[in-house]
Amino acid sequence: MLPDLVHARHLAQLGLLKDILDETGLATNLLEKSEAIPLHVLMAGFQEDKKGRERFLHFSFLPLNDEEIGAIQLLQIYSTLPFHLEEGKRGEVGSVLLEINTRLPIGHFGINEQNELHYRYVYSIPATSTFESEEVLEILSLFVYMCDMFAEHVELVASGEADAEQVIQALR
């Protein structure tokens, strides 16, 4: 369990991040930790995908033991992909994700326990720093670009429109 001071620092940092995102015109919502939510979470809507589906970014600090790791903070940027994994496609999608993840400069695609597909990046920042607007916006721009570049390939296999080998060959 994290000390209240750490939670307060994370909430303040997410508040600064919210201000940066608000300035760009993104719709944001800062959710404070509660019994239902174990960590503070900043949510931000970002551009719809090519099929017009809404997408959201989730920002939260990963809990670290401040006694062991005190020099950095880890900010998770997470987005659930706006499509579903068809029954029986987990293995094929896993093969495609492995192929895609070797090409990514930041982050990775994955499948969680509920069979939701996601793109995730853990951003390391010094514990003594605050967010710099330009740096944050460049990281987010790269995050969205990587998500856009590869999510279509994942969806082809997840939906059954193509098999893994076809998509892997197209990636090569």
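**Before you look: what the burial words mean.** A residue counts as buried when its relative accessible area is under 20%, as exposed when that area is over 50%, and as partly exposed in between. Keep in mind that every view here comes from a predicted model.

**View 1. N115 sits in the loop between β5 and β6**. With a relative accessible area of 36%, N115 falls between the two cut-offs, so we call it partly exposed. Now check the backbone: phi of N115 is near 65°, which is a positive value in a residue other than glycine.

View 2. Follow the 6 strands across and you'll read the order β1-β2-β3-β4-β6-β5, with antiparallel pairing. β1 (28-31) and β5 stand at the edges with a single partner strand each, so one side of each has no neighbour in the sheet. On average, neighbouring strands here are turned by 25° against each other, direction ignored. As a reminder, strands of a sheet pair through backbone hydrogen bonds, either parallel or antiparallel.

**View 3. Zooming in on β3 and β4.** Strand β3 (residues 55-61) pairs with strand β4 (residues 72-80) over 4 bridges, in the antiparallel sense. Look for H58, which stands opposite Y78 in β4.

**View 4. Helices against the sheet.** Helix α1 (residues 4-23) lies across β1, β2 (41-46), β3, β4 and β6, and runs at about 175° to β1. α3 packs on the sheet too, touching β2, β3, β4, β5 and β6, and its direction makes about 160° with that of β6.

**View 5. Helix α2 and its buried face.** α2 has 12 residues and reaches 16 Å from its first C-alpha to its last, close to the 16 Å expected at 1.5 Å a residue. Which residues of α2 are buried? They are V93, V96, L97, E99 and I100. Seen down the axis of α2, these buried residues fall within an arc of 160°, so they line one face of the helix. Here's a handy rule: an α-helix has 3.6 residues a turn, so residues three or four places apart point the same way. Over on the other side of α2, G91 and L98 are exposed. The cover over the buried residues of α2 includes β5 (108-111), β6 (117-126), α3 (133-158) and α4 (164-171).

**View 6. A closer look at E99.** You'll find E99 in helix α2 (residues 90-101). Why does E99 count as buried? Its relative accessibility is 14%, and buried means under 20%. Leaving aside residues up to four places away in sequence, E99 touches I168, L171 and R172.

Terms used
Residues numbered from 1 in each chain as written. Predicted model: local features only at pLDDT ≥ 70, side-chain atom pairs only at ≥ 80, totals over all residues. Heavy atoms only, no water. Helix = DSSP H or I, 4+ residues; strand = E, 2+ residues; numbered from the N terminus. Buried < 20%, exposed > 50% of the residue type's maximum accessible area, 1.4 Å probe, protein only. Contact = heavy atoms within 4.5 Å. Expected span 1.5 Å × (residues − 1). Arc of directions from axis to C-beta. Pairing = 2+ DSSP bridges. Axes fitted to C-alpha atoms, helices over the stretch in contact; angles between N-to-C directions.
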